[in-house]
Amino acid sequence: ISCALSPIPLQVDGLFIIGWMYLPPHDPHVDDPMRFKPLFRIHLMERKCATVECMYGHKGPHNGHIQIVKKDEFSTKCNQTDHHRMSGGRQEEFRTWLREEWGRTLEDIFHEHMQELILMKFIYTSQYDNCLTYRRIYLPPSSPDDLIKPGLFKGTYGSHGLEIVMLSFHGKKAKGTKITGDPNIPAGQQTVEIDLAHPLQLPDIENLRDFSELSRVVLEVQEQVRREEQEEEHRQEEGDRSHQPAAKPVGGEGAEGGETAAGAEGTTQDKAPASQPFVLPMGVISRNEDYPRTCRICFYGTGLIAGHGFTSPERTPGVFVLFDDDRFGFIWLELKSFSLYSRIKVSFQNAQAPSREAFDEMLKNIQSLAT
């Protein structure tokens, strides 16, 4: 179950049903375990009645309310929001939130732009402390042909901190959907899309340090993708819907021939080399310098960027970098930044989708809610 803040697993503990808020670790430590704290508690009484307690804030449980909206959706409301307030006012609340959610103090943050973004996120999240709506989310279904096991990942998003992303596979595409959001890109939006039909052959390790060289490789593939889309549109206009040949890897010498990432013979894992050296190009900003120095395979992809309030959203080119079964990265070409993602290894009970169609419908629903 999710809300605008984070995934909320429900747990039955004796006579209580507890809703836990699962939070990513402190930025930028993506490999650290998730944090969690109780958000609400339902005390099951005799004679089919129950009491609801809000657990938000620092003053202990207090009176709350739950309403079942419809199937797979409910809302909670706090009836005593004064329990969420602190004696020092919003400034004390902000400093406490910064210490608990970011593991640092305001004095630790020297960059004015980062201070502004963090303050915006505090305002964005604190507005939900009175009433929250929860909707069920499913974990993505998996297939033996998937590049890696799909699931939930913690990812670095610059000054926005760590966010939770769901990686799912859809034929020759892979999608990273935000489960938690920020003032620029809200939860539910597709943050990255990976084109599994267009693997990238990175330059050798010395040339890879040159951002312009990586940019050249990526933009060549972007142009190839654009041409292929135009040709496909033209064929459809002519009524020719025959299956087209698989695209060849492009981007430099040494690209392996013919088969695509979703090729007819074998999976991508079978065709990818065991590992190849990897380093971020000079000038690319990374919140986490402790990223792997080898990778398995890279693909062309696009990343969603927007202004504050999700204004002027656009998909921009980038590089998806698969490091291992539990970690991947994305180089945002236009932003000259790098996001590192690490798998969430919490075991969620009863979270599998009943069918592929049900999962796809859920993705559409959470994106429409965010829009």
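**Notebook: a cavity and some rings**

I sorted the lining of the largest cavity into ten nonpolar, four polar and three charged residues. Here Ala, Val, Leu, Ile, Met, Phe, Trp, Tyr, Cys and Pro count as nonpolar, Asp, Glu, Lys and Arg as charged, and the others, Gly among them, as polar. The model is predicted, so I note that local features need pLDDT of at least 70, side-chain atom pairs need 80 or more, and totals for linings use all residues. Residues are numbered from 1 along each chain, and side-chain values use heavy atoms, without hydrogens or water.

I searched the whole structure and found one cavity of 30 Å³ or more. A cavity is a set of points on a 1 Å grid over the protein atoms alone where a 1.4 Å probe fits but cannot get out; lining residues have an atom within 4 Å of a point. The volume, about 110 Å³, is the space filled by probe spheres set on the points.

Next I looked at aromatic pairs and counted 21. Rings of Phe, Tyr and Trp (its six-membered ring) pair if their centres lie within 6.5 Å; planes under 30 degrees apart count as stacked, over 60 as edge-to-face and the rest as tilted. The centres of F299 and F320 are 6.4 Å apart and the planes are at 45 degrees, so this pair is tilted. Both F299 and F320 are buried (under 20% relative accessible area with a 1.4 Å probe, protein chains only; exposed is over 50%, partly exposed in between). F323 and F338 also have centres 6.4 Å apart, but their planes stand at 80 degrees, so I logged them as edge-to-face.

Methods
On a 1 Å grid over the protein atoms alone, a cavity is a set of points where a 1.4 Å probe fits but cannot get out, and a pocket is an open set with protein on both sides within 12 Å along at least five of seven lines; lining residues have an atom within 4 Å of a point.
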